[in-house]
Amino acid sequence: MPELPEVQAHAERLTDAFGGAELERFTPLSFSVLKTVEPRPDDAVGSALAAVRRRGKLLLLDFGALTFVVHLMQGGRLVPDEAQSAKPRNGLARWRFSDGRALLLTEAGRERKAGVWVVAGDPLTQPPLEDLGVDADVVSHDQLAMVLRARNQRLHGFLRDQHGVAGLGRMLANEICHRAKLSPFAMTAKLSDDEVDRLAAAITACIADALAHERTLDKMSKSADRPGAVHRRKGAICPVCGDSVRAVEYNAYEVDYCPTCQTGGKVLADNTTSKFLK
Ligand SMILES: [Zn+2]
């Protein structure tokens with residue numbers, strides 16, 4: 001799943017390529033992709049794309065009075081549509097511009113979860129963006145300390161939950177916990193001041209590294225190609241201390257961590273294995 005750095009760099013590329021282009025037509029290609037009824041997408045026809053922005057992990061196509069908010073979810077991508085075929089493979093929606101170019105929202109796999117919201121006025125105060133936490137790339141140390149204490153979740157879950165801070169997913173949650181030398185299962189309200197300091201610094205550094213990498217590319221990276229220390233590196237050597245990276249596996253994701261760096265050497269029970277042992 002693309003996270004804040006991937007979506008941010010992609011928004012910048014799309015603004016560079018399509019900024020100023022005038023919308024000729026918006027076409028939903030799947031009956032479930034458009035999540036709003038009012039305002040009508042056609043109300044943006046004739047308006048220029050001011051910019052493509054990002055909030056959390058979502059893209060905002062800003063046409064002035066109207067904004068198209070695009071949630072890519074797991075497998076969604078918003079890409080230049082060179083072929084503009086009548087039935088594009090995995091196509092969910094198309095924005096065609098009066099200069100003849102187009103953008104296509106695609107979604108790989110069978111799940112149809114990616115969606116488009118058309119919003120009039122300030123999109124940040126309306127669904128699907130209104131209840132997101134502060135963006136992780138701009139959250140202040142004090143804001144972070146406040147939401148950590150207010151929510152009291154496991155740290156890994158807190159980082160993935162978009163309501164405390166927004167923009168992080170499975171990979172950055174793993175990398176940030178490792179960089180901060182914190183257990184992914186630490187309770188957020190119990191973190192000491194020093195631990196909150198380390199967490200804030202790790203969030204900033206991990207996002208900066210990922211964004212710098214992503215900005216060198218001409219399209220969004222695949223998750224397997226993103227550089228990292230622990231994410232999906234179970235059994236590999238921790239680049240910081242030389243211990244082996246361990247994983248706690250769940251159905252949809254895994255929590256990857258280094259025992260020496262993060263849990264005082266303690267190896268956490270593997271979730272799938274321990275079910276059989278019970
Ligand atoms: Zn380590």
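Modeller: Contact here means that heavy atoms lie within 4.5 Å of each other. The model is predicted, with local features needing pLDDT of at least 70 and side-chain atom pairs pLDDT 80 or more, while totals for chains, interfaces and linings use all residues. Residues are numbered from 1 along each chain as its sequence is written, and side-chain values use heavy atoms, without hydrogens and water.

Colleague: Which residues does glutamine 262 touch, not counting those up to four places away in sequence?

Modeller: Glutamine 262 and arginine 179 are 83 residues apart along the chain, yet their C-alpha atoms are separated by 8.9 Å. With sequence neighbours up to four places away left out, the residues that glutamine 262 touches are Cys177, His178, Lys181, Leu182, Ser183, Pro184 and Tyr257.

Colleague: What arrangement do the 4 donor atoms make around the zinc ion?

Modeller: The protein donors (N, O or S atoms within 2.8 Å of the metal, or 3.2 Å for Na, K and Ca) are the SG atoms of Cys238, Cys241, Cys258 and Cys261, lying 2.2 to 2.3 Å from the zinc ion. Of these residues, cysteine 258 and cysteine 261 are both buried, and in sequence the donor residues follow the spacing C-x2-C-x16-C-x2-C. Four donors count as tetrahedral if all angles lie between 85 and 135 degrees. The angles here are 95 to 114°, so the arrangement is tetrahedral.

Methods: Tetrahedral: all angles 85-135°; square planar, octahedral: opposite > 155°, others 65-115°. Buried < 20%, exposed > 50% of the residue type's maximum accessible area, 1.4 Å probe, protein only.
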